[in-house]
Amino acid sequence: MGQPRHARKDPDWWRSAVIYQVYVRSFADGDGDGTGDLAGVRSRLPYLAGLGVDALWFTPWYLSPLKDGGYDVVDYRAVDPAFGTLAEAEKLIAEARALGIRTIVDIVPNHVSDQHPWFRAALAAGPGSPERELFHFRPGRGPDGELPPNDWPSQFAGATEPVWTRLPDGDWYLHLFTPEQPDLNWAHPAVRQEHEDILRFWFERGVAGVRIDSAALLAKDPDLPDLAAHPEPHPFLDRDELHTVYRSWRRVADEYGAVFVGEVWLPDPERFARYLRPDELHTAFNFSFLTCPWDAGRLRAAIDTTIAEHAPVGAPATWVLCNHDVTRTVTRYGRADTAFDFAAKAFGTPTDLALGTRRARAAALLSLALPGSVYVYQGEELGLPEAEIPVDRIQDPMYVRSHGADPGRDGCRVPLPWVDGMPYAGFGSQAEPWLPQPADWPSYAVDRQLQDPDSMLTLYRRAIALRPRFGDGPLTWLPAPDGVLAFSRADGVLCVVNLAATPAELPAHSRLLLGSGPLDDAGRLPQDTAAWLRA
Ligand code: NOJ
């Protein structure tokens with residue numbers, strides 16, 4: 001292949017990038033219908049450039065009935081009319097690029113929408129047809145086939161619903177998520193070919209990277225055995241065949257100089273790192289950091305494990321505090337249990353938002369000082385809390401599928417506040433947003449925070465502007481009292497985070513570059529505060 005169309009001046013940009021996650025439906029509503037859209041994103045590109053991010057990761061914007069927020073795709077080559085058009089997506093990619101911002105799209109290879117033409121054809125063609133081979137159709141068990149083909153658990157945590165749905169013709173089909181998201185059969189060559197074509201389709205349109213949804217779930221044991229009877233190798237998680245798929249994807253990406261970030265939830269660091277070998281994915285989300293409690297020892301261990309697991313494969317780490325699936329950081333850090341666990345989600349968990357915000361500010365400086373790339377989820381830079389959505393307004397299928405036990409993920413997906421004093425805090429002008437905004441949302445509005453030197457937004461803007469000083473080099477831990485994290489990076493830049501109850505003396509330094517909060521009168525770093533220093 002010749003020179004890729006979008007050759008980058010810096011081919012290694014992704015190794016240390018700040019990547020901003022745009023949940024399109026809730027970012028900005030350009031046409032005033034209550035749903036965020038590409039016109040809204042385009043109008044706010046100057047804001048994103050001002051924030052200083054290197055790339056935008058867009059959650060799926062494809063044609064979709066939105067049964068799972070767009071992770072149920074009907075056509076990977078079309079933009080959903082609720083969000084805009086393909087031509088608009090192309091404009092957005094180009095306009096962002098002109099501002100120095102790259103685009104990452106979200107590819108959902110494990111499943112499609114039940115409205116996808118392949119699935120509709122499979123339903124119409126009936127049992128035993130070649131159309132059904134693109135999915136996992138099976139007869140049931142029991143005398144009349146009335147029992148599901150196996151015992152696999154749903155991949156929506158908290159969901160007690162089966163992963164099989166029976167059709168009137170007697171066949172069952174597999175869906176690790178909702179019944180509207182049938183799983184594709186990755187042993188079928190047409191499935192593999194189609195996805196490589198989809199990758200090319202978006203690379204040809206100038207996207208610089210792809211986020212891979214549910215990246216460790218695609219391959220299934222062809223016998224679909226019971227998990228209880230055959231736990232090893234796992235029948236659908238982290239199977240070895242997957243690596244052939246990603247090696248092939250990597251060859252496609254290399255033709256365009258594009259990169260991957262995988263959504264790989266795996267507890268075993270060695271198994272995780274296999275996805276990051278030099279001929280596979282470039283990066284994967286760091287969920288051990290995301291789920292880690294606000295505890296110095298646990299954070300240091302998570303950082304050390306992360307760096308150690310990435311080193312042998314030469315991949316950069318990623319640092320993530322939250323995303324569209326998990327509890328907002330300021331809310332989580334203000335709770336008695338500051339870890340994140342899907343299984344522990346419940347309505348009405350108390351939180352101290354002032355405490356959580358102080359910690360989230362310190363965590364922002366911690367993660368932005370670490371070696372690798374950093375993800376910022378829209379609204380994180382505003383310090384938005386998790387919203388309690390009235391149950392009659394909840395849209396996330398997790399709520400219904402858990403029979404109301406799990407509040408679902410809408411609380412972190414509430415439309416952003418842009419302007420205090422405008423209808424719907426400036427998210428959109430006419431129709432009420434698709435999820436209700438809490439009454440205090442205007443107090444978090446972008447325009448207010450831009451004026452406030454102490455706001456979360458100002459902290460993020462300053463930190464992202466200063467971050468290049470940390471360079472791409474290694475991290476060295478410095479001696480520090482219990483409960484204090486202190487490390488140096490290249491060029492004598494230091495980061496100190498105090499999680500202990502007693503104020504901490506700062507190490508010798510020539511300049512305080514940035515603090516997440518004020519020092520005390522004796523010039524010490526108070527609890528739940530971080531500082532960046534020049535040595
Ligand atoms: C992970 C995505 O982040 C989540 O939002 C989605 O529900 C599942 N994958 C299924 O696609």
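Biologist: How many residues surround the ligand, and which are the closest?

Modeller: This is a predicted model, in which local features need pLDDT of at least 70, side-chain atom pairs count only at pLDDT 80 or more, and totals for chains, interfaces and linings use all residues. Residues are numbered from 1 along each chain as its sequence is written, and side-chain values use heavy atoms, with hydrogens and water left out. The ligand is surrounded by 13 residues, the closest being D68, D213, H324, D325 and R409.

Biologist: What is the make-up of this shell by class?

Modeller: Ala, Val, Leu, Ile, Met, Phe, Trp, Tyr, Cys and Pro count as nonpolar, Asp, Glu, Lys and Arg as charged, and the others, Gly among them, as polar. On that basis the shell around the ligand holds three nonpolar, three polar and seven charged residues.

Biologist: How far from an oxygen atom of the ligand does a polar side-chain atom of D213 lie?

Modeller: A polar contact is a pair of N or O atoms within 3.5 Å. H324 places a polar side-chain atom 2.9 Å from a ligand oxygen. For D213, the distance from a polar side-chain atom to an oxygen atom of the ligand is 2.7 Å.

Biologist: Which peptide bond is cis?

Modeller: Most peptide bonds are trans. P233 lies in the loop between β9 (209–212) and α6 (242–256); helices (H or I, at least four residues) and strands (E, at least two) are DSSP runs, numbered from the N terminus. With omega near -15°, the cis bond is that from E232 to P233.

Biologist: What is the phi of Y424, and where does this residue lie?

Modeller: Most residues other than glycine have a negative phi. Y424 is in the loop between α12 (397–401) and α13 (446–451). Although Y424 is not a glycine, its phi is positive, at about 55°.

Key
Near = heavy atom within 4 Å. Polar contact = N/O pair within 3.5 Å; in protein donor to acceptor, adjacent residues only side chain to side chain.
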